[in-house]
Amino acid sequence: MRSENSNSAENKKGQQAKGEHQNPGAVKRIRELRKRIPSAEELTRKITEGDTIALSQAITLIESTRQQHREIAARIVSSCLPYANRSVRLGITGVPGVGKSTFIESFGSFLTGKDRKVAVLAVDPSSSVSHGSILGDKTRMEELVKDPNAFIRPSPAGSSLGGVARKTRETIILCEACGFDTVIVETVGVGQSETAVHGMVDFFLLLKLSGAGDELQGIKRGIMEMADGIVINKADGDNKKKAAQAKTEFQRALHLYPPKASNWAPEVRTASALNNEGIADIWEMISRYLELVQGNGYFTANRKSQNRQWLLQTIDEQLKSSFYEHPNIKEDLKEKLEAVENNETSPFMAARELLDKYRKHQDTSSDI
Ligand SMILES: Nc1nc2c(ncn2[C@@H]2O[C@H](COP(=O)(O)OP(=O)(O)OP(=O)(O)O)[C@@H](O)[C@H]2O)c(=O)[nH]1
Ligand SMILES: [Mg+2]
């Protein structure tokens with residue numbers, strides 16, 4: 001991985017710092033230079049030339065909470081759009097410990113071995129404090145982290161899944177514009193994040209373990225329905241036989257689901273991410289899927305529909321935050337919540353009054 005810790009940038013800073021003691025005039029210039037954010041045009045140009053340091057810088061702008069940064073980021077994403085979309089986007093999910101990181105290490109290395117350029121991103125709002133498990137376990141992605149054809153970025157921080165998903169979607173566009181033709185988006189298989197990731201990828205892969213006994217118990221129906229492929233991981237040693245049984249069970253269960261709009265019948269595979277077994281077989285399955293959906297038009301239709309969803313979700317998110325973060329609303333909302341608690345007003349009336357007030361503020365501010 002070339003870009004996350006920009007050593008060369010650190011070195012430059014170090015060199016600049018030495019110069020600071022020699023010339024007070026230079027100090028100011030250097031400080032200003034440090035503060036200077038490259039322009040949207042400069043970053044876009046560098047990204048489209050395959051510069052992963054510029055890619056990292058732009059992603060940092062996407063993730064920034066500062067309005068000024070977000071504006072630049074929005075311009076970069078827009079101008080990168082024409083260069084994006086020429087990739088395969090894969091979602092990978094599974095419960096903690098199933099072997100996602102180990103799998104991505106094997107699978108990612110397999111793909112870079114096939115001359116593909118692989119970006120690994122994550123959607124994991126729960127881990128925003130620890131900054132994502134994806135890089136917490138660098139040891140599990142030892143090879144991929146060093147691979148010049150791989151780019152790994154931990155999950156962006158954020159309190160809302162919507163915010164995290166938006167940042168990851170924008171990051172996908174930038175990675176593609178930078179020349180990454182395979183984007184892997186990882187998410188832990190708990191909560192709503194799978195749905196968010198499913199909504200931004202072409203192929204959704206579910207990693208499973210062969211447990212003791214009933215494999216299908218405890219698996220959320222929704223996730224099974226979303227999966228285009230299921231991999232029973234850790235099919236090694238004593239586990240091999242159980243994994244083969246689980247494969248049969250899952251394959252049978254998948255037949256019970258209604259056919260997918262893509263016309264693809266999801267398949268089950270066994271693998272050992274740790275021993276690098278079954279990896280080529282999984283890529284073969286994904287390649288066949290891509291061939292099918294690129295041929296029948298689903299690939300494009302699905303991406304179009306995802307873009308529409310992206311727009312609608314963005315509007316949802318922005319409307320909500322503009323309302324809840326409005327200084328005039330915040331106080332009133334507190335009062336109304338209390339009034340509603342005490343049955344002094346109905347939630348419907350309270351909502352109407354708050355929304356009316358919000359609209360009035362919007363009208364007056366747009367008049368200015
Ligand atoms: N035997 C065996 N162990 C594996 C395999 N894949 C992963 N493991 C082990 O399972 C443990 C968890 O693997 P991870 O790759 O960290 O799992 P993860 O899904 O990324 O876990 P989280 O990041 O916590 O969500 C590690 O000790 C791995 O070495 C496999 O194919 N076979
Ligand atoms: Mg992991």
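**A close look at the sheet**

Modeller: Gladly! β6 and β7 pair in the parallel sense over four bridges; two strands pair if DSSP finds at least two bridges between them. One of the facing pairs here is Gly-229 with Glu-267 in β7. The names follow DSSP runs, numbered from the N terminus: helices are H or I of at least four residues, strands E of at least two.

Two notes before we go on. This is a predicted model, in which local features need pLDDT of at least 70 and side-chain atom pairs count only at pLDDT 80 or more, while totals for chains, interfaces and linings use all residues. Residues are numbered from 1 along each chain as its sequence is written, with chains lettered from A and ligands numbered from 1 in the order in which they are written.

Now step back to the whole sheet. Seven strands form an open sheet with parallel pairing, in the order β3-β2-β4-β1-β5-β6-β7. Its edges are β3 (150-152) and β7 (267-270), each of which pairs on one side only. On average, neighbouring strands are turned by 20° against each other, direction ignored; axes are lines fitted to C-alpha atoms, for helices over the stretch in contact, and angles run from 0 to 180 degrees between N-to-C directions.

Back at β6, the other neighbour is β5, joined to β6 in parallel by five bridges. Leu-206 has Ile-230 in β6 as its bridge partner. All five of the five residues of β6 are buried, leaving the strand mostly covered. A residue is buried if 20 or more other C-beta atoms, placed from the backbone, lie within 10 Å of its own, exposed if 12 or fewer, and partly exposed in between. Gly-229, Val-231 and Asn-233 point one way from β6, Ile-230 and Ile-232 the other, and all are buried. In a regular strand the side chains alternate between the two faces of the sheet.

Which helix lies across β1, β5, β6 and β7? Helix α13 (residues 279-296) does, and it runs at about 165° to β7.

Next, move to β2 (residues 118-122). Three bridges join β2 to β3 and five join β2 to β4, and both pairings are parallel. Val-120 makes a handy landmark: its bridge partner in β3 is Ile-152, and it stands opposite Ile-184 in β4. Val-118, meanwhile, stands opposite Ala-150 in β3. Five of the five residues of β2 are buried, so this strand is largely enclosed by the rest of the structure. Val-118, Val-120 and Ala-122 cover one side, Ala-119 and Leu-121 the other.

In β4 (residues 182-188), start with Thr-182. Why does Thr-182 count as buried? Because it has 24 C-beta neighbours inside 10 Å. Leaving out residues up to four places away in sequence, Thr-182 touches Ser-87, Val-88, Leu-90, Leu-111, Arg-116, Lys-117 and Val-118; contact requires C-beta atoms, placed from the backbone, within 7 Å. Thr-182 and Leu-90 are 92 residues apart in sequence, yet their C-alpha atoms are 7.5 Å apart.

Among the elements, α13 has the highest mean pLDDT (98) and helix α1 (residues 7-20) the lowest (43). Two stretches stay under 50: residues 1-20, with 25 contacts beyond four places in sequence, and residues 128-132, with 10 such contacts. Where pLDDT is low, the predicted coordinates should not be read in detail.

Notes: pLDDT = per-residue confidence, 0-100.
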